[in-house]
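Trainee: Please take me through the side-chain contacts and the surface of this protein, one point at a time.

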Amino acid sequence: MKPVHHYDCIILGGGPAGMTAGIYAARAKLKAVVLESNITGGLVNSTYTVENYPSYPSIHGMELMQRMREHLDSFEVPVEEVCEVERLDLTGVVKVVETDEAIYQARAVILATGRKPVPLETPTPCDQVHHCAICDGAPYAGKRVLVCGGGNSAFDESLYLLSLGVAHITLIEIMPRFFAAAATQESLLGSGKAEGHTETRVVDLEVAGDLLVAAILENVATGKTWREEVDGVFVFLGQRPSNELFKDQVTLTEAGYVPATSDMSTNLPGVFAAGDIVDKPFRQITTAVADGTVAALSVERFLRAR
């Protein structure tokens, strides 16, 4: 039988919003726990350089998240990483979160599950498909890679891959033009080590044994296909809200985000939301931190009123 843990507040997600909520909950003398499906830091861990977080003119994303984690740990807020949530009941007065190892109960929950990358869907599975150049780029020094996506992330991550020593990059975008900043496009495509193709998509991957050897590409305007020899694929096709756990319980927008009010409350009493999962015009580390702050203070007010 799984152990049952009782808290004032359960925080689902250990990104900037979740960790900030944990800090504020601890300062409010609330007994809180952070449950994270991966490792704390969220998508910021895959950001090479953060240059818009006040007090740090320039800092590696992973380093910023490590410092935030150390701040959270200083309050001795328990954090469960690589935690698989198997059941979630937000409808009762007491909220229940069951993981693979324990059952957590609390009168308040903060949803800070953020977003996740849109996957590359191809008939052939392949272990050399990645979503983070910082995490997985180093082994491709001296090799050829395919980058999928035409926005700032795709171009910025491609430049980072070149800095790691990647020999050649083929960058593709399914739309008729790239959307990254013009200066970034010029830096990459003028490097002499990268080529870009618009109106192009991946049809399939060619694998020999366990290794990727080529991608089959298609020009969607002409229907022409060709074989591109690559050793790895990096995918930056955007992100989707991570709402699988509660999409049948919490009201969501058509796009799958939580329409939280100004105090970050949802349609369910005792359930609050923070960070990239919230329906809002701007998703930045600073806005996630602000959401986490408001959500934790709102939880305190909610619990004190009862």
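**Rings, charges and surface patches**

Trainee: Are Phe155 and Phe178 buried or exposed?

Mentor: The structure is a predicted model, in which local features need pLDDT of at least 70 and side-chain atom pairs count only at pLDDT 80 or more, while totals for chains, interfaces and linings use all residues. Residues are numbered from 1 along each chain as its sequence is written, and side-chain values use heavy atoms, with hydrogens and water left out. Buried means under 20% relative accessible area, exposed over 50%, and partly exposed in between (1.4 Å probe, protein chains only). On that scale, both Phe155 and Phe178 are buried.

Trainee: How many aromatic pairs does the structure hold?

Mentor: Rings of Phe, Tyr and Trp (its six-membered ring) pair if their centres lie within 6.5 Å; planes under 30 degrees apart count as stacked, over 60 as edge-to-face and the rest as tilted. By this criterion, the number of aromatic pairs is five.

Trainee: How many residues apart in sequence are the parts that Tyr140 and Phe234 tie together?

Mentor: These two rings form an edge-to-face pair, 5.5 Å centre to centre with 80° between the planes. Helices (H or I, at least four residues) and strands (E, at least two) are DSSP runs numbered from the N terminus. Tyr140 lies in the loop between helix H3 (133-136) and strand E11 (144-148), and Phe234 in strand E17 (residues 232-235), so the separation in sequence is 94 residues.

Trainee: Which angle lies between the planes of Phe155 and Phe178?

Mentor: A pair of aromatic rings is described by the distance of the centres and the angle of the planes. Phe155 and Phe178 are edge-to-face, their centres lie 5.3 Å apart, and the angle between the planes is 75°.

Trainee: Which element holds Phe155?

Mentor: Phe178 is in the loop between E12 and H5, so its pairing with Phe155 ties together parts that are 23 residues apart in sequence. The element that holds Phe155 is helix H4 (residues 152-163).

Trainee: Which residue meets Lys2 in a salt bridge at 2.8 Å?

Mentor: A salt bridge is a side-chain nitrogen of Lys or Arg within 4 Å of a carboxyl oxygen of Asp or Glu; the count comes to 14. Lys2, in the segment before strand E1 (4-6), is partly exposed at 25% relative accessible area. A network of salt bridges links Lys2, Glu86, Arg87 and Glu98. The N to O distance of 2.8 Å belongs to Lys2 and Glu86.

Trainee: What is the distance between the closest N and O atoms of Lys116 and Glu244?

Mentor: Both residues are partly exposed, with relative accessible areas of 36% for Lys116 and 41% for Glu244. In their salt bridge, the closest N and O atoms are separated by 2.5 Å.

Trainee: Are Asp291 and Lys280 buried or exposed?

Mentor: Asp291 and Lys280 form a salt bridge, with 2.6 Å between the closest N and O atoms. Asp291 is in helix H6 (residues 285-304) and Lys280 in the loop between E19 and H6. Both Asp291 and Lys280 are buried.

Trainee: Which residues make the nonpolar surface patch of about 350 Å²?

Mentor: Patches are made of residues with over 30% relative accessible area and no salt bridge: like charges are joined within 9 Å, nonpolar side chains (Val, Leu, Ile, Met, Phe, Trp, Tyr) within 5 Å. Phe179, at 42% relative accessibility, counts as partly exposed. The nonpolar patch consists of Ile174, Met175, Phe179 and Val220.

Terms used. Areas by Shrake-Rupley, 256 points an atom, 1.4 Å probe, with all protein chains shown as cover.
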